[in-house]
Amino acid sequence: MKINGGRVVIESLKKEGVDTLFCYPGGVLIPLFDELYKDSGGIRLVQPRHEQGGAHAADAYARTTGKPGVVLVTSGPGATNTVTGISTAYMDSTPMVIITGQVAARLVGTDAFQEADITGITMPITKETMLIKSIGDLAVSLKRAFHIATSGRPGPVLIDITTNVFREMTDFHYPEEIDIASYRPISKGHPKQIAKAMKLISKAKKPLVLIGGGVQLSDSTALAAELIEKYNIPYVYTLMGHGLNVNNPNLNIGNLGMHGTVYGNWAVQNCDLLIALGTRFSDRIIGDTISFAPNAQKIHVDVDPAEIGKNIEVDVPIVGDLHNILSAFIKMDKESPDTKEWIEEIAEMKKNNLLTYEPSENIQPQYVMDAVKEIFPNDLIVITDVGQHQMWCHQYFDYVQPRSFVTSGGLGTMGFGVPASFGAKLGNPDKEVVLFAGDG
């Protein structure tokens, strides 16, 4: 039995396991919403009060669940209202699929009512954009969008569908798999590079692991913790790298960079080997590129080859999925470096430069965060908006679970927090979600 394009979208979303759709209706989407009204296929529809908010909610939903966030909006201003949310997701590598309605195919390019070239507008802030004018391209394009958004380095993909496609009829065939010749992310690291890295690790006197957001995105926190504990290596983490926990608290050296701890930055500047996992070496953590970790050889593991060597020159680049590469590191079973004196050095520096605050009659931000840690359970999800409070959270929430610290890192989007907290709660109804908002 033939179905229309609106039903093709719904059935495709079901095939991808989508259970929540952040959507805001509009004129060109009416045929699709007619189908959703008849039967949503068990997909929960969540309507924000503004399309940007819907994009941020989908972003946090994705970050906290590991599933792609899906957004549906109308053409013109509906589509352009998502741009800040898409850019936020792109900077922080969040898997999202944004479906936008478009004017009829015969009107594209004529400056029709509520027409905007959203594929052109968002091309620099997405992994891919697609304009669908024919129903024959619809199902395979949706499969392509989800595949690209969730594989390799995750990110947002936008698919723009002309309104006539929602009404056209077709036989529905959703591909089980898709092979894109121009898009084949490397998943396994080069064995020689892995062996070279492990040789450096076993011989290092002052090794240090740098945990970036890619460790969370690849669900590799447990493996990273296993590597750290197996070889007794201290670690620092970025704003996006929260969520790694080890049994030995002396191995956690806190955060680094312009809002990092004194001892975290001291460890970076004095290590002889820096093992960077899933980080893009942003300006917020490196400062002056010439003087960053000047005494260290550098190993950089990342799924995105464009990030390796972009900001910091490295000695051992390894391209591939962190989960696979960390598994390979652990299986190699090399001799552990002697890090006892190095850890004692850091502990002494930490003892003399602890993050503290003086009790006061006034309520202090640090006190509020300590109180929240006492009151709420360990699997609490922490959401922050952007401003000074964001950095206090970064400094004082040093013990959170994987996928439980959500903030706008790369773009620094003020206003991110409220819709993000809704998205996180919708994705995790059994967990407590706390939003910190302040200046900005």
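Axes are lines fitted to C-alpha atoms, for helices over the stretch in contact, and angles run from 0 to 180 degrees between N-to-C directions. The model is predicted: local features need pLDDT of at least 70 and side-chain atom pairs count only at pLDDT 80 or more, while totals for chains, interfaces and linings use all residues. Residues are numbered from 1 along each chain as its sequence is written, and side-chain values use heavy atoms, with hydrogens and water left out.

**View A. Packing of helix H3 against helix H18.** Helices (H or I, at least four residues) and strands (E, at least two) are DSSP runs, numbered from the N terminus. H3 (residues 51-65) and H18 (residues 417-427) pack at an angle of about 45°, their axes being 7 Å apart. H3 is therefore oblique to H18 (angles under 35 degrees count as roughly parallel, over 145 as roughly antiparallel, 65 to 115 as roughly perpendicular and the rest as oblique). The contact (heavy atoms within 4.5 Å) involves residues of H3 including Gly 53, His 56 and Tyr 61, and residues of H18 including Pro 419, Gly 423 and Leu 426. The residues of this contact divide into seven nonpolar, six polar and no charged (Ala, Val, Leu, Ile, Met, Phe, Trp, Tyr, Cys and Pro count as nonpolar, Asp, Glu, Lys and Arg as charged, and the others, Gly among them, as polar).

**View B. Packing of helix H9 against helix H14.** The axes of H9 (residues 191-203) and H14 (residues 322-332) come within 10 Å and cross at roughly 55°, so the two helices are oblique to each other. H9 contributes Ile 194, Ala 195, Ala 197 and Met 198 to the contact, and H14 contributes Ile 325, Ala 328, Phe 329 and Met 332.

**View C. The largest cavity.** A cavity is a set of points on a 1 Å grid over the protein atoms alone where a 1.4 Å probe fits but cannot get out, and lining residues have an atom within 4 Å of a point. The structure has one cavity of 30 Å³ or more, and the largest cavity holds about 50 Å³ of space. Its lining includes Tyr 235, His 242, Asn 252 and Asp 398. By class, the lining of the largest cavity has six nonpolar, five polar and one charged residue.

**View D. The second largest pocket.** A pocket is an open set of points with protein on both sides within 12 Å along at least five of seven lines. The second largest pocket contains about 270 Å³ of space. Of its 17 lining residues, Tyr 237, Pro 249, Asn 252, Lys 350 and Asp 398 lie nearest its centre. Strand S11 gives the most to this lining, with three residues.

How values were computed:
Points joined across faces, edges and corners; volume = space filled by probe spheres on them.
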